Amino acid sequence: MPPERLFIAYRTIITKEITRFMRIWSQTILPAAISMALYFIIFGNLIGPRIGVMGGFSYMEFIAPGIIMMSIINNAYSNVSSSFFGARFQRHIEEMLVAPIPYWVILAGYISGGVLRGLIVGLIVTVIAMFFIGLPSIYSPFIVISIVILTSVLFSLGGFLNGMFANNFDDISIIPTFVLTPLIYLGGVFYSIDLLPDIWQSISLANPILYMVNAFRYGILGVSDIGIHVAFIIILLFILALSSLSLYLLHRGTGIKT
Amino acid sequence: MKALEINRLEKTYGNGFQALKGIDLDVDEGDFFALLGPNGAGKSTTIGIITSLVTKTAGSVRILGLDSGTHATEIKARLGIVPQEVNFSLFETCLNILLNQAGYYGIGRKQANARAEKYLKQLGLWERRNQISRTLSGGLKRRLMIARALIHEPELLLLDEPTAGVDVELRRSTWDFLREINRNGTTIVLTTHYLEEAESLCRKIAIIDKGSIIEYGHKKDLLAKLHSETFILDLASPIEKLPDMPFLDIRQIDPMTLEVVINREQNANAVFEMLSEHWIIVSSMRNKTNRLEELFIRLLDDNGPENKGQHEGQHAS
């Protein structure tokens, strides 16, 4: 397919993805906005003043980047896992499989859909955060934007793989419930790992989400528990590994061919 | 050039079930070809392999002169598929389903809109273009899949049971539409349960059973193999008991109806004469089944006793 045709195919998949999550905005956009607002009210407003300062900032300011990142991770992941599994379940994935679209375009289309939903929800949660902490001064816009995009890509890829292997709707909620949520909560969203005993600090360093949350926090506040370069390298390595695996499985026909 | 060439095609599923046992099949360009067989015979597996949705175990498939293993992308651009089961998003409008499909083929929005309008109008769906697809009737869903398969104007169209569960009127108008696109040069390969459909539409026929092709050729040559036909005779007046007629294969269904098997060597007039000798007057007669169905059932019965009864659901309607 010539490049302009590939672009039309890619644009079609993205448009379809945006249309899908905007059509069901009350299930895709609204819950994230409500639950993140509750986090700010409960942890930031009610409990935060009792905790005091963390990392040189008020508790509310400290947790805001983590909460924004949490919403981006959850939404990028669940958008792709549910959309791709839904396409398999209803079998309209076959519309793409019988068309002359390369697999990498299909993957790029779904990942872009996940990234866009992650960004939209992240933006809404940021606006909500501003009601509580005011207009933030961003330490490094480059780091903020690049970490947000890379993290969305990474978790969209995770969602894609989940959607590919899922056999029923329960399967697409198992990973978010039993893997993603614990890793996010233990990834330094609500605390600095400096507060943990040494052994738990070391264990926490094995959690990839810790690097994303801290890199994002560094981009906004200029403070981090880990090195930013390490965070970028880890995210990029994960993206490389998951995208290679996704393309390999697509070519192999896992979950999409008999 | 052949539109489709299948050589020694085999498919064994993960559970060990051998769906195709080395089938060979040729379809000429411009042909209207029927692949018939009972449930589980291997029809949909064959279609799945041609469309690359099912991976083959062995053998080769060439489509429009191109090998499916090495030219998959070029083939996909020239191939259209109407699957057996509904496989579009049930939450989108009819128009969007077509526009999205056009997009997957890299067709620009302006051309996609023009083609969508053309095919939705031809298939009687234009007035419903903004209707959510899940609210369509079963017959209209199948028509929408035909429109979708044509949006990139394929040279070879594969139809897997395109009129299953569709009412008679809609089925007949779908036939007219398919005849027209075949006349305009599109090669069509059809699988169907409705043998009347295959007899009415197709020029060449293959019958597949238990993963093997058991009959293949021109429709008229196949039908010529039918040595006898079964007719239903409606009587002008009731009879109590059928008199003994040793030279006729005849049985009484009810006081007003008889069933008679007439061999090709027999003369229908002679049958009527024999009946009239016993004061039995026939007011009308009709085929018990269509001729292709009769041949189909006999071939399947010859292919294995376990087939008996399995194809009872296959009917001309």
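Modeller: In this predicted model, the axes of helix 6 (residues 103-133) and helix 7 (residues 141-165) of chain A come within 8 Å and cross at roughly 125 degrees. Angles over 145 degrees would count as roughly antiparallel and 65 to 115 as roughly perpendicular, so helix 6 of chain A and helix 7 of chain A are oblique to each other. The crossing of these two helices is right-handed. From helix 6 of chain A, the contact takes A:L107, A:Y110, A:I111, A:G114, A:V115, A:G118, A:L119 and A:G122. Helix 7 of chain A answers with A:V148, A:I149, A:S152, A:V153, A:S156, A:L157, A:G159 and A:F160. Sorted by class, the contact of helix 6 with helix 7 of chain A holds 10 nonpolar and 6 polar residues, and no charged ones.

Helix 3 (residues 94-104) and helix 5 (residues 138-150) of chain B pack with their axes 9 Å apart, at an angle of about 30 degrees. Helix 3 of chain B is therefore roughly parallel to helix 5 of chain B, and their crossing is right-handed. Helix 3 of chain B contributes B:C94, B:I97, B:L98 and B:Q101 to the contact, while helix 5 of chain B contributes B:L144, B:A147 and B:R148. By class, this contact between helix 3 and helix 5 of chain B has 5 nonpolar, 1 polar and 1 charged residues.

Chain B also has an open sheet of 4 strands in the order 2-1-4-5, with antiparallel pairing. Strand 2 (18-28) and strand 5 (66-67) of chain B each have a single partner strand, so they stand at the edges, and one side of each is left without a neighbour in the sheet. Inside that order, strand 1 (residues 2-12) and strand 4 (residues 58-63) of chain B run antiparallel and are joined by 5 bridges. One bridge pairs B:N7 with B:S60 of strand 4 of chain B.

Finally, the two chains meet. The contact between chain A and chain B takes 21 residues from chain A and 23 residues from chain B. On the side of chain A that touches chain B, the elements giving two or more residues are helix 1 (3-23) and helix 5 (93-97) of chain A. Helix 1 of chain A gives the most to that side, with 6 residues. By class, the side of chain A that touches chain B has 10 nonpolar, 5 polar and 6 charged residues.

Note on methods. Residues numbered from 1 in each chain as written. Chains lettered and ligands numbered in written order. Predicted model: local features only at pLDDT ≥ 70, side-chain atom pairs only at ≥ 80, totals over all residues. Pairing = 2+ DSSP bridges. Axes fitted to C-alpha atoms, helices over the stretch in contact; angles between N-to-C directions. Parallel < 35°, antiparallel > 145°, perpendicular 65-115°, else oblique. Left-handed = near helix turned anticlockwise from the far one by under 90°. Contact = placed C-beta atoms within 7 Å. Nonpolar A, V, L, I, M, F, W, Y, C, P; charged D, E, K, R; others polar.
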